[in-house]
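Please read this briefing alongside the structure.

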Amino acid sequence: MGKYMGQFLTMLVLLVLFLVLPRQAYTQESEQLSQSVQEKRDQRQRFLQLSPGERLAWAMGDITVESLNGLWIFSTSSKAIINRYELTKLHEDGPILFLEGIDLDEGTPVVLFHHSAVEDIDKKNAFVLIDPDEEGCDVFFLYRSKPHSAKGEHYRSETQCQAIAGQAEMLTAGRNPKSFRKPGQTQVKRPAAEKTPAQSAETTDTDAEGQTGESN
């Protein structure tokens with residue numbers, strides 16, 4: 001009798017576990033799903049409470065020179081100019097950061113830097129792209145408006161890039177999202193430091209000592 005009672009109790013426990021554990025797992029999964037949905041609703045609610053400028057900053061992240069890397073397509077309002085620029089190399093020259101790239105249609109080098117490098121301007125999203133060629137220079141003033149798009153003005157100079165004259169054309173620009181590398185993944189190139197006379201003398205003395213030691 002005791003043997004059968006023990007088997008019965010064991011089967012009863014297994015039955016309870018079979019019925020209860022899946023329900024507990026389902027309950028936990030439902031709670032986690034509900035929590036995830038609630039978090040997304042809270043995030044959306046916080047996003048809707050932001051100002052338009054704060055929403056733009058949240059979507060684009062930090063607007064820096066480096067954040068404009070990638071493949072861009074520029075077109076002017078007259079459709080007279082459609083250029084493709086690939087900006088890949090980040091350079092640091094003193095306090096100035098600039099992106100070096102190439103005009104994919106002409107094969108000529110271009111540079112992009114923040115507008116404040118050449119003019120006193122406090123707009124965080126204002127940049128300048130310079131595209132010189134044998135006949136003159138194209139100058140683009142860009143205002144990044146969305147994560148992968150920008151608007152601005154285009155000027156054409158038949159002389160140097162500094163001499164901007166004539167009427168500006170409206171400019172729109174779009175970037176291939178797949179070409180974008182997150183800030184921090186673009187290697188910064190700094191100009192090679194020139195050796196001072198003292199450093200050159202130290203190098204010469206060190207070389208001479210090394211040669212002397214080898215000869216002995």
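Arg156 and Asp133 form a salt bridge, with the closest N and O atoms 2.9 Å apart; a salt bridge here is a side-chain nitrogen of Lys or Arg within 4 Å of a carboxyl oxygen of Asp or Glu. The pair links distant parts of the chain, with Arg156 in strand 7 and Asp133 in strand 5, 23 residues apart. This is a predicted model, in which local features need pLDDT of at least 70 and side-chain atom pairs count only at pLDDT 80 or more, while totals for chains, interfaces and linings use all residues. Residues are numbered from 1 along each chain as its sequence is written, and side-chain values use heavy atoms, with hydrogens and water left out.

**Salt bridges**

- The salt-bridge count comes to three.
- Arg156 also meets Asp138 in a salt bridge, at 3.1 Å from N to O.
- Arg156 lies in strand 7 and Asp138 in strand 6, so this pair ties together parts 18 residues apart in sequence.
- Asp138 is buried at 7% relative accessibility, whereas Arg156 is partly exposed at 27% and Asp133 is partly exposed at 34%; buried means under 20% relative accessible area, exposed over 50%, and partly exposed in between (1.4 Å probe, protein chains only).
- Asp105 forms a salt bridge with Arg84, the closest N and O atoms being 3.3 Å apart.
- Asp105 sits in the loop between strand 3 (96-103) and strand 4 (109-114) and Arg84 in strand 2 (residues 82-93), so the pair joins parts 21 residues apart in sequence.

**Arg175 and strand 8**

- Arg175 is found in strand 8 (residues 169-175); strands are DSSP runs of E, at least two residues, numbered from the N terminus.
- Arg175 is buried yet has no salt bridge, and the nearest side chain of opposite charge, Glu66, is 10 Å away; Lys and Arg count as positive and Asp and Glu as negative, with His and the chain ends not counted.
- A polar atom of the Arg175 side chain lies 2.8 Å from the backbone oxygen of Asn69.
- The backbone oxygen of Pro147 lies 2.6 Å from a polar atom of the Arg175 side chain.
- Strand 8 pairs with strand 1 (residues 70-76) in the antiparallel sense over five bridges; two strands pair if DSSP finds at least two bridges between them.
- Strand 7 (residues 149-157) runs antiparallel to strand 8, joined by six bridges.

**Loop position**

- Glu134 lies in the loop between strand 5 (126-133) and strand 6 (136-146).
- Glu134 counts as exposed, at 84% relative accessibility.

Key. Helix = DSSP H or I, 4+ residues; strand = E, 2+ residues; numbered from the N terminus. Polar contact = N/O pair within 3.5 Å; in protein donor to acceptor, adjacent residues only side chain to side chain.
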